[in-house]
Structure formats: structure tokens, C-alpha cells
Amino acid sequence: MTDRIAIAGVGQTVYRRRHSDKNSAELVREAATAALEDANIGLDGIDLIVGGVAPDALAGIHNIDLLSISRPGIPYFRINTGGATGSSALLAGMTWIASGRAKAVLVVAAERMGHATTAQSIFNSIFDPIYEKDISMSTISMVALRATMLMQKYGFTSDHWAGLAARNSAVAMLNDTVDNPRFFTKDQVRSSAVLAWPIHLLEACPTSEGACAVVLMSDPNVGDRKAAWIHGTGALSDTYAMGDRFHRPEGSLVNLVTLERSAAKAYSEAGVTDPLNDLDMVEIQAPFASSEVMAYLGLGLCDGNDAVAFTERAIDGTAGIAIQPSGGPQACNPVSATALIRITEAALQIQGKAGRRQLDGIRRTISTGQGGATQFSTAVILGNERP
Amino acid sequence: MDGTEPLTIPGNWNFSYRYFAGDTATRFFSELRDNSRIMGTRNPVSGNVMVPARTFSDADYVETTEWVEVSNEGKLEAFSIVGTKFPGLPDPPFVLGYVTLDGADTAILNHVTGVDLSDIEVAAQELLKQPRVKAVFKDQREGRITDFCFEVLHDGAEK
């Protein structure tokens, strides 16, 4: 990158099933105000606001961002790339700084799915109405299809999915942004109801609401703030059609070509040649265990031959890199915000502000975003030093 | 607040739509309905046959030029067994999966039948073997993807 850009402040609400004591604008204001305070800047210093909101139907308010995120007197636009919305919004905000149009940008991603009483039937409406929606797809069965492919291709078992889910639930107990985190064992996951085989109830991320905000700044304006610097980024789109991704030479449906290439670009910008050694931590936008495993491969943390063994080390906490110190999206997954939370968690760790979940020696991190049926991928590398 | 329960305002979205399928999907569904045939379209640059039929290939934006009938049989590539009732979706258990029909270069999604679901774990182990499947057509067809489903072929033909 030619222009150095930093995360100068972050703000989050707590994430819970329902924030029934706050309307949408109040929810957003809590995160936005916290981020502005953290960055020690007022709204009058913000040159652009980027809003991140995925499907409106989950909130039941069309263009919910217009009533909750945009602010009088400040340019505004919205980003939507499904589950990658939050990180895509951050990347969009960076372009205004990189082009010299803004010195400071406020990125706000908000999820209001607690309004919906039937989230899965709403998720069915994201599928192609001509060829696929009538086959009763949901976001859970969409993920389950890929989990079965991973089992066929690499030899994963239901134990691996349950083991990762249990591991993430244990880690999330230290995360004070997750309201009422759920703790469960591998056996409890395996004996919970089958949602869509191989996915069991306790593996699925809970309904989650909340807002996350980040203040981006250009180098000279960061001053002596303790910032997390952006060392590299990548983002790529894929075809919407899952059925078109089975037989192509660059990789099948379980090989996240978009993530692989996004990470490769970010690695090259950041000078990362050996991700396991050069990075200290990874926050993966993985709402399910199988999504996390696909990202290990896409990020080059392991290869196909080592995928099962690496996953077992990840479950044991001996993978050689800190994985999901927040507990990840399996603990809470406010869809529109979740990819921005992955970046925020990395920034907090780098700044030493992660509270009870703080780890020692986190200097360089990578955060991913995945949206649509893995149609969109993002990769963002942060570091404690000015690049 | 003073202990008052936060107020909830009720709401309901109940919009109706008609989705315009386009000429290519219209022909694909007509073939299903009238001839019980599954048709694909060929990308003249890559040679790939896309099933279900598409006007263009999403990978390279090239317009397809030729209609090709593909086999009613193929391989189950990936599946899931839905085991829980979700509002607005069918009663469980049911199976859905992506199938590559012989002669096609892409996979098509549909419901999968012909497997005993009384024990989901046992059924899953069978489906993990990627069995051959055959498209079975309904008697009353209306030009929808649900005019057929896949049935697992058990006669020793795995992969």
C-alpha cells in the first residue's frame, strides 16, 4: 500500500440474542460513540461514514442503515456482501483515505436480526428463486453440504466439528462482548439435535444482535495514538452459483479460491511468506466448524494432507498460532457486523486492550471475512508497527 | 429505566412476488414439464455444459450457444440431511444434495430420496460414499425444479 492507514479506535456493543431495550439507531450510536471516544475524535473530524448491513429482511426495516447509521453533514454509503459486509465496509472506507478524499472514516456495521421471528425462512429467501430456492435451502444446509464434502475429501469426522465447536465455546467464556456465552463439551454437541447433518444444534452460531464500529485514519493524523496498522488487504468475489464450483480446475466448493487469493495479496503486501511463523493470531469469519477448517486451508495454515492433523492441533490449542481468541463467530455471529468484529478483535489484541481474553505478544494478525455462499472473501493483516 | 418492560411494536412482511425466469430457464423448465428431459447449455469457449441451463457462464461471462440433453443419472457430490423443522421449510427429515449428471460439467441441487432415514447417522454414512443417483419425475409436472428429485441407486454402483 502506498498510503499508510491505521485503525485508531474501535467500539462495540455487547452481542446478544435481542437488544430489546434499544432501537436500531440507539444500538448503532452506542458502538459509534465508543469508537469515536477510543480514537479521541469527534464526529466533526469524520469525513465519511460507511455503513455495513446485510439482508434487510432480518431486521424487517428496509434500508435500516438510513435510519440508524448515516449522519447529517457527512458523506455516506452502504456496503453489503453478506457475511463479509463488515470487512468489505472497512476496505471501502480505506479507499477514501487512500485516494486522499478522507483523513478519518467511521465504519459502522450493525445487525438487528433479533427483530425476526423466523430467521431461517428469511435466509431461504437469499437463494436463487428460479433454480434453487424451492429445494428448501437454508444457510445451515448450505454449510452442511460443504461439511460433507470435507468429510469425503479429507477424512474429517463429526468429532472434529464437535471438537472445534466445544473449543470455541470454551474460549468465548473469556469474551466480555458475548452476553451469556454458552459452554458445552464435544459430547454435548454430538448429542444435540441434528439441524442439517452433519451440523448439530450446538455447533450452529446463535442468533446475535449488536453493532461494531471502527475509526480509520491516514498516517499523519494518527499522531501518538496507539493504533493497529493495516499491513495488507485482499478481497475477491466468486460466482454466486455453488453448483458451478464443483469441477473447476482452480478448486472445488470446499477450496476457498477467493480467500486463498485474497490472503495471497495481503501476504504479499505485508511481506508474509510463512503465515504460521509470520503471524501471531488469526480471527476467522467462520460461523461453523467446517467454515473454520476451509479457512485454515485458504490461509495456507495447512495443506490438504495436513488438514485433519492441523485441525486436531487447533482443537488442542497447539496449532502454533492463536486461533479465534474471541471464540469466533460460533460464539456470536451478528451477520452484518461479524467480519468487522474479526478485525476489531485483532486490533484489540494488538493494542493490548482485549481484557480477559488478551494474549501475550500479538504483533501481527490476519482477519477474514466470508459472505454469501463463500461468494465474497476478505483478508486484512494488522500489525503493531507502522508499515 | 424504571423496570418497565421494553415496548415491542408488532410487524409483518408479507409481500408477494413473481420472479421472471428468463428465456433460458423457461425452456429448461418446459423440457422438464413436457418431455421429462434435463437439458444444459454449452459454453462455446470452455466447452462446458451447464446444468441447469444458463444464458451465460458466470465464470467467464460467455454466452452459451447450444442446448444439450444430459443423462438422468449422475453422482451425488455433496448432501445434507435436514433433521429439524424450520418455519417455512418442509417437515424433516429430508435430504438435499448437488448432483453432477453424466454429460454435465456443473452440479444441480435437488431433493434426494430412496435412502432410509430412520437412522440419520446410518443414512449419512451411505450418502458419504457419493452414490449414483437417478432423476425421477413427478406425474404431474408444472415447470418447476421440484418436477423431479433424485433417487439413490443401490445396485452396487458407487462412484
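I began with the area buried between chain B and chain A, which comes to about 3,700 Å², with carbon and sulfur atoms giving 66% of it. A reminder to myself: this is a predicted model.

Next I looked up who touches whom. On one side I find 48 residues of chain B, in contact with 43 residues of chain A.

Then I turned to charges. How many salt bridges does the rule find across the interface of chain B and chain A? It finds two. I opened up one of them: the side chains of A:Asp134 and B:Arg144 meet at 2.9 Å, N to O. That distance sits within the 4 Å cut-off for a salt bridge.

The rule gives 16 residue pairs in polar contact across the interface of chain B and chain A, both residues being at pLDDT 80 or more.

Which elements of chain B supply at least two residues each to the side that touches chain A? I noted helix H1 (22-35), strand E4 (73-82), strand E5 (94-101), strand E6 (108-113) and helix H2 (120-127). E4(B) gives the most, with six residues. I also sorted the residues on this side of chain B by kind: 29 are nonpolar, 13 polar and six charged.

Last, I went back to E4(B) for its strand pairing. Strand E5 of chain A (residues 194-197) is joined to E4(B) by two bridges, and the two strands run antiparallel. For A:Trp197, I wrote down B:Ile81 as the bridge partner in E4(B).

Key: Residues are numbered from 1 along each chain as its sequence is written. Chains are lettered from A and ligands numbered from 1 in the order in which they are written. This is a predicted model: local features need pLDDT of at least 70, side-chain atom pairs count only at pLDDT 80 or more; totals for chains, interfaces and linings use all residues. Side-chain values use heavy atoms; hydrogens and water are left out. Contact means heavy atoms within 4.5 Å. Buried area is the accessible area (1.4 Å probe) that two parts lose on being put together, summed over both. A polar contact is a pair of N or O atoms within 3.5 Å; within protein, one must be able to donate a hydrogen and the other to accept it, and residues adjacent in sequence count only if both atoms are side-chain atoms. Helices (H or I, at least four residues) and strands (E, at least two) are DSSP runs, numbered from the N terminus. Ala, Val, Leu, Ile, Met, Phe, Trp, Tyr, Cys and Pro count as nonpolar, Asp, Glu, Lys and Arg as charged, and the others, Gly among them, as polar. Two strands pair if DSSP finds at least two bridges between them.
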